[in-house]
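Here is a short briefing for a first look at this structure.

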Amino acid sequence: MRFNPTCTFLLLVVAACSRYVGDAQAATFSLPQTCPPSFELRDDGRCYLVSLYQFYDSVQNRGVGGTQTALPAHRDGFTPAQIGLGKWLFFDPLLSGNHQLSCASCHRPDKGLADGRAHSIGVTGKPVKRSAPSLWNVGFLDHLFWDARADSLEQQAAGPLFDPNEMGNTPQQLLSDLANSEIYPALFKAAFPHAESPNLADVMTALAAFQSTLVSLNSRYDQYAHGYHQALSEREIEGLNVFRSFVARCAECHQPPLFTNNQIAVIGVPEAPGQPLDPGAQVPFNAAKLRGGFKVPTLRNVTKTAPYMHAGNFAGLRDAVEFYNKGRGHAVPPEESLQIHWHIWDPQLTDDELDAIVTFLGALDDESLMPPVPVAVPSGLPPVDADYRAPQTHTQTGK
Ligand code: HEC
Ligand code: HEC
């Protein structure tokens, strides 16, 4: 509880004072009434995404790599209060079993909403199976996780929360921690007026609401796509043209504007030395042809999220791009016969073309809607893990 000079003098009214401090604290963690940037508040009191891409035709009419293609459906329609509550939850280590990890520990604002590690570290201190993907534009995805095993953000969140190697929580502990908090019950009541007390479905909805606001569609590439040619340098345009050429074929899978086609592809990425092959999508879909198949990741803000691929064993972006040039299936272990996707072949790109692609990928950087890291969260625990240094310029408004 914060030091309050009034209270030290009025010892006899300690109770009244602590209520006063409690109210002040609750006010610090108030919920916004307006939508985040890029969203408009409609008459139904909910936030809807606004983007120039909504004026364009469907993907099908524009061919591969076309710039003015439409976006797939987005998970919008949450209230400002739900989004605000989701933000507090996302940054609050109260959500983990040992109160030391928040979602933001592995999806860090200073690391492109990934964590900079080949494999994330969960509550046990041991590395988890795969690398943390960035969360930019997850509101557009209908399959989540590298192996596409979740169909919605709500379903996805149960994964890290209750996995003993990730956040290691239980539904019982999570709900009792929230119910016993001085702040959360009122925030849940404000965001979900019909619920008696914090419940799991509302935790998942709030997390989905917040994550749906992690939109990145205003890079220099986007300005170019909307018709402002000067937004890209000649070299970047050269890279874009290699990227979407029928030789390189990157845009077949990393399809604009999301730079993913939302599908699974078997491309034969190697594991770290000595590690067994990760069967990927074979397991959830129970399909041999998906062995070694992974979700095509977005390439937006990809310069921020090294190391790359599901196993995180490509240290730099140049290495990840060069993978495609080393021959179809070159890294597949000899005892495996993976059904490599037909667009993976041997494009024989020159060093200069590979460099141009890497240069172009930098034009996809846009973190203008990155939420500021809160300096405090409702539980009073530190918002993200200790080795994270919050930028000094951010102030916390709860909005
Ligand atoms: C211990 C680190 C860690 C924590 C904590 C964590 N995540 Fe993740 N997250 C990961 C990893 C690793 C993956 C990929 C796992 C896989 O694909 O099998 C992932 C995947 C995801 C995805 C799927 C993204 C995509 O493109 O498919 C979403 C969404 C996500 N996490 C949200 C969350 C939320 C919300 C929380 C908090 C409730 C959270 N994460 C906590 C490490 C973490
Ligand atoms: C057949 C579909 C397909 C094609 C074609 C393709 N990719 Fe990929 N890309 C994927 C998949 C699937 C992954 C994730 C694989 C994994 O982690 O095992 C991926 C991962 C990546 C990554 C790592 C991203 C991250 O966040 O870890 C980069 C960078 C990348 N691709 C760039 C390219 C470039 C450049 C080209 C063209 C030369 C290209 N891709 C062509 C499907 C494709």
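A residue counts as near a molecule if its C-beta atom, placed from the backbone, lies within 6 Å of it. Keep in mind that this is a predicted model. In it, 30 residues surround ligand 1.

**Overall fold**
- The chain has 14 helices and four strands.
- Of its 399 residues, 40% count as buried.
- Take the contacts between residues at least 6 apart in sequence: 67% of them join residues at least 24 apart.

**Around ligand 1**
- Three helices each supply at least two residues of the shell: H4 (103-106), H5 (153-162) and H8 (200-211).
- H5 gives the most, with five residues.
- The shell holds 19 nonpolar residues, along with six polar and five charged ones.

**Where H5 meets H8**
- Both H5 and H8 contribute to the ligand 1 shell, and these two helices also pack against each other.
- Their axes are 8 Å apart, at an angle of about 110°.
- Angles of 65 to 115 degrees count as roughly perpendicular, so H5 and H8 are roughly perpendicular to each other.
- By class, the contact of H5 with H8 has five nonpolar, two polar and one charged residues.
- On the H5 side, the residues in contact are Leu 153, Glu 154 and Ala 157.
- On the H8 side, they are Met 204, Thr 205, Leu 207, Ala 208 and Gln 211.

Conventions
Residues numbered from 1 in each chain as written. Chains lettered and ligands numbered in written order. Predicted model: local features only at pLDDT ≥ 70, side-chain atom pairs only at ≥ 80, totals over all residues. Nonpolar A, V, L, I, M, F, W, Y, C, P; charged D, E, K, R; others polar. Buried ≥ 20, exposed ≤ 12 C-beta atoms within 10 Å, placed from the backbone. Contact = placed C-beta atoms within 7 Å. Axes fitted to C-alpha atoms, helices over the stretch in contact; angles between N-to-C directions. Parallel < 35°, antiparallel > 145°, perpendicular 65-115°, else oblique.
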